[in-house]
Amino acid sequence: MTAMIIDGKAHAAALRARVADGVAGFVAAAGRKPGLAVVLVGEDPASAVYVRTKTRMTAEAGMAGFEHRLPADTTSDDLLALVDRLNADDTVDGILVQLPLPAHIDERRVLTRIDPDKDVDGFHPVNVGRLATGLHGFVPCTPLGCLMLLRATLGELSGLEAVVVGRSNIVGKPMAQLLLQQSCTVTVAHSRTRDVAAHVRRADIVVAAVGIPHFIKGDWIKPGASVIDVGINRIAKEDGGAGLVGDVDFAGAAAVAGAITPVPGGVGPMTIACLMRNTLVAACRRVC
Ligand code: GUN
């Protein structure tokens, strides 16, 4: 079998176009643009690229982007004061503080200071609780994008065996909650799991989010399974350059899977499209 390649770029472009339509409707009704504030502390080059892309996509969707770049030695108190100002600013519907933060800043304090109704990242404990109990809130963008790709590929997910590899707050845990909501039978495997391969071999759906290049081997994949690779790992190539690879051995898995996301061009573009979607939803909820 050769897997269908799930074109995340195309799905993301379609979602961004739907969001742009919704934004036009919002502007006509509310007389202002939805606003997204993105906060970057420090000079991490990868984070700077993500933030630039988020700001560009915000403008392309017809929304107002507010970029706040703070020096690496910003104190927790200064960052909290900025979050307070953004919480109180009526032109700001969504707030995103780019992670990771410098080590001297208390990340938990910052994330819990964001107004849960502006928390378009879905990291605030109130939104974590809303997701766990099936209430409306904000779902973290990467797992939301993975779910959209799975629904577009498979349709109904009810009854399927899903294995999530990785238990982070940003991807693994919310992904497991979303799949449970879809009535999948969900296993979360992680670094202490005794036999990850045995769990993956049973799975109709594999979501790989461990951050280890090619951790999931091709011969672990059940024939016909759908494989979603969240990993974005920078590795040195033989020619001396750098390349991006996922957490899944793509060539090996694509030979047996029914469908698989590539890296790059799979989950990554969906994450930003879902951020645009969450910002529009936040704006609509705030004017209602
Ligand atoms: N850093 C890497 N991924 C993310 C994300 O989804 N949100 C934020 N805020 N920071 C990140």
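Student: Before we start, what counts as a helix or a strand here?

Tutor: Helices are DSSP runs of H or I with at least four residues, and strands are runs of E with at least two, numbered from the N terminus. Please keep in mind that the model we are looking at is predicted.

Student: Which atoms of V97, then, lie 2.8 Å from a nitrogen atom of the ligand?

Tutor: For V97 it is a backbone N or O atom that lies at that distance of 2.8 Å from a ligand nitrogen. Q98 contributes a polar side-chain atom, 3.3 Å from a nitrogen atom of the ligand, while D121 has a side-chain N or O atom 2.6 Å from a ligand nitrogen. The ligand taken alone exposes 280 Å², and the protein buries 80% of that.

Student: Switching topic, where does D93 sit?

Tutor: D93 is in the loop that runs between α3 (76-88) and β4 (94-97).

Student: Buried or exposed, and why?

Tutor: D93 counts as buried because its relative accessibility is 0%, and the cut-off for buried is under 20%. Its side chain makes a polar contact of 2.9 Å with the side chain of R32, and another polar contact, of 2.6 Å, links the side chains of D93 and R286. Beyond four places in sequence, D93 also touches other residues, including K33, P34, D117 and T279.

Student: Where does UniProt place the feature "binding site"?

Tutor: An unreviewed UniProt entry places that feature at G166, R167, S168 and I232. R167 is found in the loop between β5 (161-165) and α7 (172-181), whereas I232 is in the loop between β8 (226-229) and β9 (233-236).

Student: How accessible is R167?

Tutor: R167 has a relative accessibility of 42%, so R167 counts as partly exposed. I232 is also partly exposed, because its relative accessible area is 42%.

Student: What is I232 in contact with?

Tutor: Setting aside neighbours within four places in sequence, I232 is in contact with Y50, L244, V245 and V263.

Student: What about T193, what does its side chain reach?

Tutor: The T193 side chain reaches the backbone nitrogen of H190 at 2.7 Å. T193 lies in the loop between β6 (185-189) and α8, and T193 counts as buried because its relative accessibility is 18%. Away from its neighbours within four places in sequence, T193 is in contact with V188 and H199.

Student: Last one, which helix does V196 lie in?

Tutor: V196 belongs to helix α8, which covers residues 196-201. At 10% relative accessibility V196 counts as buried, and V196 touches V165, A189, H190, F215 and W220 when residues up to four places away in sequence are not counted. The C-alpha atoms of V196 and V163 are separated by 9.5 Å, although these residues are 33 residues apart along the chain.

Conventions: Residues are numbered from 1 along each chain as its sequence is written. This is a predicted model: local features need pLDDT of at least 70, side-chain atom pairs count only at pLDDT 80 or more; totals for chains, interfaces and linings use all residues. Side-chain values use heavy atoms; hydrogens and water are left out. Buried means under 20% relative accessible area, exposed over 50%, partly exposed in between (1.4 Å probe, protein chains only). Contact means heavy atoms within 4.5 Å. A polar contact is a pair of N or O atoms within 3.5 Å; within protein, one must be able to donate a hydrogen and the other to accept it, and residues adjacent in sequence count only if both atoms are side-chain atoms. Accessible areas come from the Shrake-Rupley method with a 1.4 Å probe; for residues, only the protein chains shown count as cover. UniProt positions are given in the numbering used here, feature names are shortened, and annotations may be inferred rather than shown by experiment.
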